Amino acid sequence: RSSDLLWLWHSRSSLTSVLSDDVPPDQKENQLCAEFTGSDRVLVTIKTGATEANLKIPIQLSTSLRCAPNVLIFSDMEQEIGNHHVYDALENISDEVTANNSDFDIYRMQQELKDPQKVIEQLSSMRDPRMPDDLAAWTLDKYKNIHIVEEAWKLQPNKDWYLHIDADTYVVWPTLLQWIRRLDPSRESFIGSLAY
């Protein structure tokens, strides 16, 4: 079964016991994920947009973040995807920033539609009028970052690590956990790729 093949990095003995037909499917998942010690000290935030969330988030949660116990999803529209709440990263942004700012045209339209499927159908190909090669959703994206960091801290303070990813970022969860065990969470660190 393909779902059983996703976790081949476990030792052969642990896989043999977990993947036997005597173990119910929900227990298999729990046993496999239990091997990732230290994951409770990591918070993963996923940044997405309303025009792509329903397409990308379910894949993230069922594959690379399958064993991540602390995941917060942020978008530019509040919604539910399966049993996961998606927070609106822009809901508390100042009116001084949004008023008369064409970057927020797509955001205002999304709030009017309030239906994720209609947003995908009607707004996924909307272009930024100043940069016709860019999607309007990409232009809006830059406003989310700092608000996601602020909200993540409010919702789940005092984690050792905060991992901020986009909806199309694949995390190799066991490798990440092995790597951060070597780092000191009490030291201030910013690890990642600087983008302008």
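Visitor: Are Cys33 and Cys67 buried or exposed?

Guide: Both of these cysteines are buried. Keep in mind that this is a predicted model.

Visitor: How many disulfides does a search of the whole structure find?

Guide: The search finds 1 disulfide. Cys33 and Cys67 form a disulfide, with their sulfur atoms 2.0 Å apart. The torsion about the S-S bond of Cys33 and Cys67 is about -65 degrees, so this disulfide is left-handed. The pair links distant parts of the chain, 34 residues apart: Cys33 lies in helix H3 (residues 25-34), and Cys67 in the loop between H4 and E2.

Visitor: What does the secondary structure of the protein come to?

Guide: There are 10 helices and 7 strands. Of the 196 residues, 41% count as buried. For contacts with a separation of 6 or more, residues 24 or more positions apart account for 65%.

Visitor: Which residues touch the most other members of the largest nonpolar core?

Guide: Start with the general idea. In soluble globular proteins, nonpolar side chains tend to be buried together. Here the largest nonpolar core has 23 residues, and those touching the most other members are Val44, Ile46, Ile57, Leu65 and Trp173. At least two residues of this core come from each of strand E1 (42-47), helix H4 (53-62), strand E2 (71-75), strand E7 (161-166) and helix H10 (173-180). H10 supplies the largest share of this core, 4 residues.

Visitor: What is Ile57 in contact with, leaving aside its neighbours within four places in sequence?

Guide: Ile57 is in contact with Ile46, Thr48, Ile73, Ile81 and Ala167. There is also a second, separate core of 14 residues, which includes Met77, Phe104, Val119 and Met126.

Visitor: What volume does the largest pocket have?

Guide: Again, the general idea comes before the case. Rolling a probe the size of a water molecule over the atoms shows where empty space is left. In this model the largest pocket has a volume of about 1100 Å³. It is lined by 30 residues, and the closest to its centre are Tyr162, Leu163, His164, Phe190 and Ile191. Two or more lining residues come from each of E1, helix H9 (145-155), E7 and H10. E7 gives the most to this lining, with 6 residues. By type, the lining of the largest pocket divides into 17 nonpolar, 7 polar and 6 charged residues.

Visitor: Which residues are the closest to the centre of the second largest pocket?

Guide: The second largest pocket has a volume of about 260 Å³. Among the 15 residues that line the second largest pocket, the closest to its centre are Gly49, Glu52, Lys56, Trp138 and Asp141. Helix H8 (residues 136-141) gives the most to the lining of this second pocket, with 3 residues. The lining of the second largest pocket divides into 4 nonpolar, 4 polar and 7 charged residues.

Visitor: Where is the place of Asp76?

Guide: Asp76 is in the loop between E2 and strand E3 (79-81). Buried means under 20% relative accessible area. Asp76 has a relative accessible area of 1%, so Asp76 is buried.

Visitor: Which residues does Asp76 touch, not counting residues up to four places away in sequence?

Guide: Asp76 touches Thr48, Gly49, Ala50, Asp88, Leu90, Tyr107, Gln110, Gln111, Leu140 and Lys144. The C-alpha atoms of Asp76 and Lys144 are separated by 7.7 Å, and the two residues are 68 residues apart along the chain.

Terms used. Residues are numbered from 1 along each chain as its sequence is written. This is a predicted model: local features need pLDDT of at least 70, side-chain atom pairs count only at pLDDT 80 or more; totals for chains, interfaces and linings use all residues. Side-chain values use heavy atoms; hydrogens and water are left out. A nonpolar core is a set of buried Ala, Val, Leu, Ile, Met, Phe, Trp, Tyr and Cys residues joined through side-chain atoms within 4.5 Å. Buried means under 20% relative accessible area, exposed over 50%, partly exposed in between (1.4 Å probe, protein chains only). Contact means heavy atoms within 4.5 Å. On a 1 Å grid over the protein atoms alone, a cavity is a set of points where a 1.4 Å probe fits but cannot get out, and a pocket is an open set with protein on both sides within 12 Å along at least five of seven lines; lining residues have an atom within 4 Å of a point. Grid points are joined across faces, edges and corners, and a volume is the space filled by probe spheres set on the points. Ala, Val, Leu, Ile, Met, Phe, Trp, Tyr, Cys and Pro count as nonpolar, Asp, Glu, Lys and Arg as charged, and the others, Gly among them, as polar. A disulfide is a pair of cysteine sulfur atoms within 2.5 Å.
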